[in-house]
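Let's take a look at the two ligand sites of this model together. Have the sequence and the structure open as you read.

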Amino acid sequence: MHNTLTARQLGLQTGSRTLINPLDLTLKLGEFVTIMGPNGAGKSTLLRLLTGFLSPTTGECWLAGKPYAQWQRRQLAGQRAVMRQHNQLAFAMSAEEVIVLGISQYTMQRQRMIVDQVVALIGCQALCDRNYATLSGGEQQQIQLARVLAQLWKEDQPEGWLFLDEPTSALDLFHQQHLLRLLHRLTRNGKLMVCAVLHDVNLAATWSDRIVVIQQGALVADGSVQQVLTESQLTAWYQAELSVIQPASSSHPIVLLNK
Ligand SMILES: Nc1ncnc2c1ncn2[C@@H]1O[C@H](COP(=O)(O)OP(=O)(O)O)[C@@H](O)[C@H]1O
Ligand SMILES: [Mg+2]
């Protein structure tokens, strides 16, 4: 149980609107899971429920054997981290100060050690002294990734539960590949789980162990890349005209929008 996050009949209703229909979902350490679905389907809302930032109106969520309500805030912060879709800062801060936000309880020496390792992994040394507010959207995403990896850093890698809401939306091709390769590799020894909301189905196809699809607040698919990314299902969920092809040289399908 300590290596799973379990949502049972997790749901959210506001007034007369159901934002998330009660759903069951299990996430395990060592997995790279993608959440997909149309705009406004409820992906960010589900992420907030799964991370304990929003209280459900039905069901509950257990992290490593304990419901969120029983976790101490400080303890939880060392176990699960969240990179949100939008990150506005109230104060002027350098990029490095943003990275340190989640590890301010450590000694300066330990902070320095973690920041150096995380920054080297991401390759964002050149951004550290810059004013965070003046960075481009893609540069800010690199710094936010550094912040959440630092928050979960243990001996020599991040461990625990990492949630990312559209982490590649502002990244160029090099950084999309670099970030997703890195996150995927970090999950392989079974100590880190990554759950990312991604819009790019081809990025999802390349790196996901599992894909969960949310449509109009309901979980409509939870399976392997091959099970989920079929032409008929994607067409039905997104109402887009597309083709799914399976190249002989690739282990995963490629999704093309029809002209
Ligand atoms: N606090 C809220 N109160 C009412 N409606 C909300 C609230 N938060 C989100 N919504 C609505 O719920 C739906 C799902 O939002 P969201 O989870 O952000 O979608 P997604 O991330 O899939 O694009 C949207 O229609 C949004 O407007
Ligand atoms: Mg969203």
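The side chain of serine 44 places an N or O atom 2.9 Å from an oxygen atom of ligand 1. This is a polar contact, that is, a pair of N or O atoms within 3.5 Å.

| Residue | Part of residue | Distance to an oxygen atom of ligand 1 |
|---|---|---|
| Glycine 40 | backbone N or O atom | 2.8 Å |
| Glycine 42 | backbone N or O atom | 2.9 Å |
| Serine 44 | side-chain N or O atom | 2.9 Å |

Ligand 1 on its own exposes 560 Å², and the protein buries 59% of that (Shrake-Rupley areas, 1.4 Å probe). Strand S2 (17–28) and H1 each give two or more residues to the shell around ligand 1, and H1 gives the most, with three. A residue joins the shell if one of its heavy atoms lies within 4 Å; among them are Arg17, Pro38, Lys43 and Thr45.

The model is predicted, with local features needing pLDDT of at least 70 and side-chain atom pairs pLDDT 80 or more, while totals for chains, interfaces and linings use all residues. Residues are numbered from 1 along each chain, chains are lettered from A and ligands numbered from 1 as written, and side-chain values use heavy atoms, without hydrogens and water.

Now to the magnesium ion (ligand 2): its protein donors are Ser44 (OG) and Gln85 (OE1), 2.1 to 2.6 Å away. Donors are N, O and S atoms within 2.8 Å of the metal (3.2 Å for Na, K and Ca). Serine 44 sits in helix H1 (residues 43–50) and glutamine 85 in the loop between strand S6 (80–83) and helix H3 (95–100), so the pair ties together parts 41 residues apart in sequence. Helices are DSSP runs (H or I) of at least four residues, strands (E) of at least two. Serine 44 is buried at 19% relative accessible area, whereas glutamine 85 is partly exposed at 31% (buried is under 20%, exposed over 50%, partly exposed in between).

Definitions and conventions: Buried < 20%, exposed > 50% of the residue type's maximum accessible area, 1.4 Å probe, protein only. Polar contact = N/O pair within 3.5 Å; in protein donor to acceptor, adjacent residues only side chain to side chain.
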